[in-house]
Structure formats: C-alpha cells, structure tokens
Amino acid sequence: MADITVTEHLLLHEKRSPHATGRFTGLLYDLIVSGKSIARRINKAGLLDILGGTGVVNVQGEAVQKIDDIANRLLIYRMERCGAICAMSSEENPDLIRVGPEFPRGDYIIIFDPLDGSSNMDVDVNIGTIFSIYRRPAGRTGEVTLDEVLRPGMEQVAAGYFMYGPSTMLVLTTGAGVHGFTLDPGVGEFLLSHPDMRIPEHGWIYSCNEGYREKWGPAAREAVEYFHKAPSCKGGAYSSRYVGSLVADFHRTMIYGGIYMYPEYDGRPNGKLRMMCEANPLAMLAEQAGGAATDGRVRILEKQPTELHARTPLFIGSKKDVEAVNAIYARHAK
Ligand code: AHG
Ligand code: MN
Ligand code: MN
C-alpha cells in the first residue's frame with residue numbers, strides 16, 4: 001500500500017468534511033511542523049539541558065518545566081503566523097492570545113496543552129501535545145471576544161494530540177472518525193498507520209490515581225470500586241494502569257478500551273484536568289471513535305466553560321464502562 005500523509009488523507013478521504021479546505025489544511029500543516037519540532041527537542045532532551053523546571057509557577061499553580069515553555073513558545077510562534085487563526089489559548093497563558101494585525105488572520109481558534117504529562121519528561125516516559133480547534137461564529141469580525149472561545153466542546157471542528165513516545169504519533173479527528181498517523185523520521189511525514197480507530201465497547205483496564213482515594217467522595221469511590229469487582233470484557237477482573245500522562249493513558253484507552261478516571265476530590269470540586277485544552281478534545285476523539293466521556297453527571301461535550309482555565313472531572317473511554325460510572329453518580333445524586 002502506498003504511504004498516505006495526513007494532508008492527503010484529509011483532502012482525499014474526508015472530502016465530505018467541511019474542514020478539508022485550503023485554510024484548514026494550512027493550519028494543520030503548521031501544527032504538524034510544531035509537533036515535529038517539539039518531538040525533535042524531546043528526543044534529544046537528555047543532551048540539550050531542557051530537563052527540569054524553569055522555577056516559574058503557571059496560572060494553574062503548577063511548576064513550569066523547561067519543556068512546557070519551549071513547546072508553548074514553538075506553538076504560539078507558528079500558530080500566530082499560519083494565517084488561519086484569529087485567537088488562541090494555552091494552558092500556560094492566563095489570557096486569550098489574539099493574533100495581532102501584523103499577521104495574516106483566519107477564522108479558526110485553537111486551544112492547546114503544549115506539553116501534557118511534563119512531569120514524566122525527566123523519566124523519559126510518553127508525553128504529548130493536545131489541541132482543540134473551533135471556528136469563529138459566522139459574521140464575527142474584528143477583535144475576538146471571550147464568548148467566541150468559551151463554547152461547549154460539541155462545537156469543536158477538529159481535535160487531536162501528538163504523542164511523543166517510542167514513535168511520535170498524531171491522532172486526529174475533523175468530525176469524520178478518528179485516524180492515527182505515525183511519524184516516519186526518514187520521510188519526515190506523519191503517515192496513516194491507524195485508520196478509523198474505534199474504542200472497544202467494553203474494556204479490561206481501569207486507569208486512575210488511586211493515591212487520592214481518601215480524598216474522593218462516595219460516588220467517585222464507588223465508581224472506582226466498581227472496576228475492582230465487575231467482570232471485564234475478558235470475563236476476569238479489570239487490570240489497572242496509570243502512566244500519569246493523560247495523552248498516554250488516553251491513547252491506551254483508545255486502542256485497548258477501558259476507562260480513564262480523574263474524579264473531583266476534597267479541595268478540588270472540579271478535579272484537576274482542564275476542560276478546554278484536555279477534556280474537550282479527548283472527549284471529541286472518544287465519541288468519534290464510538291466511546292463516551294462524562295463528568296459523572298453531564299456529557300463532557302455539552303458542558304459550558306465559564307473561563308478559559310475551567311476544570312472538570314473526567315471519565316472517558318469504552319461506552320459500557322463510562323455508562324457504569326454515570327449510573328453510579330446518578331444513584332448518588334438522589
Ligand atoms: P500537564 O503536564 O499538562 O500539567 O498535565 C498533567 C495532567 C495529566 O497529564 C495527567 O493525567 C494528570 O495531570 C496527572 O495528575 P496526577 O499526578 O494528579 O495523577
Ligand atoms: Mn495536561
Ligand atoms: Mn501541560
């Protein structure tokens with residue numbers, strides 16, 4: 001079979017997608033260049049003095065690793081110049097970044113977690129970049145306002161992630177299924193390796209940070225305990241896996257099925273994960289692959305974000321496993 005690149009796939013195989021336009025493929029092209037630049041630096045991390053922290057604490061109250069900062073700068077630089085974007089938001093920046101008049105502007109809005117799982121960087125474990133793309137509401141011109149960005153995940157036109165691991169991957173949806181591409185370093189292109197990815201209906205792995213169990217409320221506890229006792233799709237007990245990089249834990253869930261859980265806990269009523277740059281894009285991918293994503297009460301894609309850095313509890317993966325959690329939360333709500 002001939003090699004199929006991402007752009008070729010978008011133009012030839014997703015013809016029905018309204019986003020298979022020149023502008024969108026241009027955006028994607030520049031996003032891919034950013035992904036490749038980040039991957040290249042990560043591959044050489046131990047040699048380049050980019051491990052460890054910057055000494056700065058970000059808007060989320062978390063220590064910024066050097067690689068967070070490098071990935072963030074690379075993405076902002078390239079997205080600002082790609083001609084398809086009018087505004088962007090990053091996990092690392094408190095405010096909306098509007099593309100200035102010195103650059104060509106388009107009508108897409110991009111939201112990203114430049115480096116996800118950065119605390120795993122120093123131990124050479126898979127990390128990633130997560131992105132979510134919206135289109136500006138029709139008829140809007142001039143300076144982008146916050147309400148144009150604070151929209152439910154259902155309105156995303158594309159979403160995906162790069163994963164920097166044994167190989168570098170791009171997993172992408174433009175609303176016509178989910179497709180996985182692997183970087184061929186010799187060719188310098190992401191080539192189609194995982195066409196039409198589907199999350200199994202029922203899985204055999206549950207994934208969460210059980211170190212927080214004493215802080216969880218009764219619904220979260222019962223949800224996790226359900227997976228200690230319920231039969232998995234294989235008939236036996238569920239296995240437990242937790243990388244601590246959302247991209248890596250989600251990627252495994254995409255392929256093997258099962259469930260990833262980051263519930264709310266004492267002191268953090270909305271959990272830790274960011275709605276706009278983490279939960280929404282992964283929820284779009286999960287649903288496009290036949291899976292589901294909820295906060296225990298509401299479908300993630302229906303939630304209205306109230307601020308750029310809003311957080312949400314997240315239960316995501318195989319439909320049957322996510323439904324089991326919804327049923328437990330519904331019982332506790334009574
Ligand atoms: P980030 O590196 O972008 O700040 O994200 C870290 C997130 C996510 O990748 C991971 O699933 C989660 O934090 C792990 O959190 P805990 O250490 O609380 O389990
Ligand atoms: Mn993250
Ligand atoms: Mn991050």
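Let's start at ligand 1. One of its oxygen atoms is 3.1 Å from a polar backbone atom of Ser118. Keep in mind that this is a predicted model.

Two further contacts involve oxygen on ligand 1. At Asp116, an N or O atom of the side chain is 2.7 Å from a ligand oxygen. At Leu246, the backbone takes part: one of its N or O atoms lies 2.9 Å from an oxygen atom of ligand 1. As for cover, ligand 1 on its own has 470 Å² of accessible area, and the protein covers 87% of that.

Where does ligand 1 sit? In the largest pocket.

Now the residues around it. There are 18, and the nearest are Asp116, Gly117, Tyr212, Tyr242 and Tyr262. By type, the shell splits into seven charged, six nonpolar and five polar residues. Two strands, β5 (108-116) and β13 (259-262), each supply at least two shell residues. β5 gives the largest share, with three residues.

On to the metals. Which protein residues are donors to the manganese ion that is ligand 3? Glu91 through OE, Asp113 through OD and Leu115 through O. They lie 2.1 to 2.2 Å from the ion. Along the chain, these donors follow the spacing E-x21-D-x1-L.

One last point, on Glu91 and Asp113. Glu91 is in the loop between β3 (85-90) and β4 (97-98), while Asp113 is in strand β5, so the pair ties together parts 22 residues apart in sequence.

Note on methods: Residues numbered from 1 in each chain as written. Chains lettered and ligands numbered in written order. Predicted model: local features only at pLDDT ≥ 70, side-chain atom pairs only at ≥ 80, totals over all residues. Heavy atoms only, no water. Near = heavy atom within 4 Å. Polar contact = N/O pair within 3.5 Å; in protein donor to acceptor, adjacent residues only side chain to side chain. Areas by Shrake-Rupley, 256 points an atom, 1.4 Å probe, with all protein chains shown as cover. 1 Å grid on protein atoms, 1.4 Å probe; cavity = no way out; pocket = protein on both sides within 12 Å on 5 of 7 lines; lining within 4 Å. Sits in = over half its atoms within 2 Å of the grid points. Helix = DSSP H or I, 4+ residues; strand = E, 2+ residues; numbered from the N terminus. Nonpolar A, V, L, I, M, F, W, Y, C, P; charged D, E, K, R; others polar. Donors = N, O, S within 2.8 Å, 3.2 Å for Na, K, Ca; no water.
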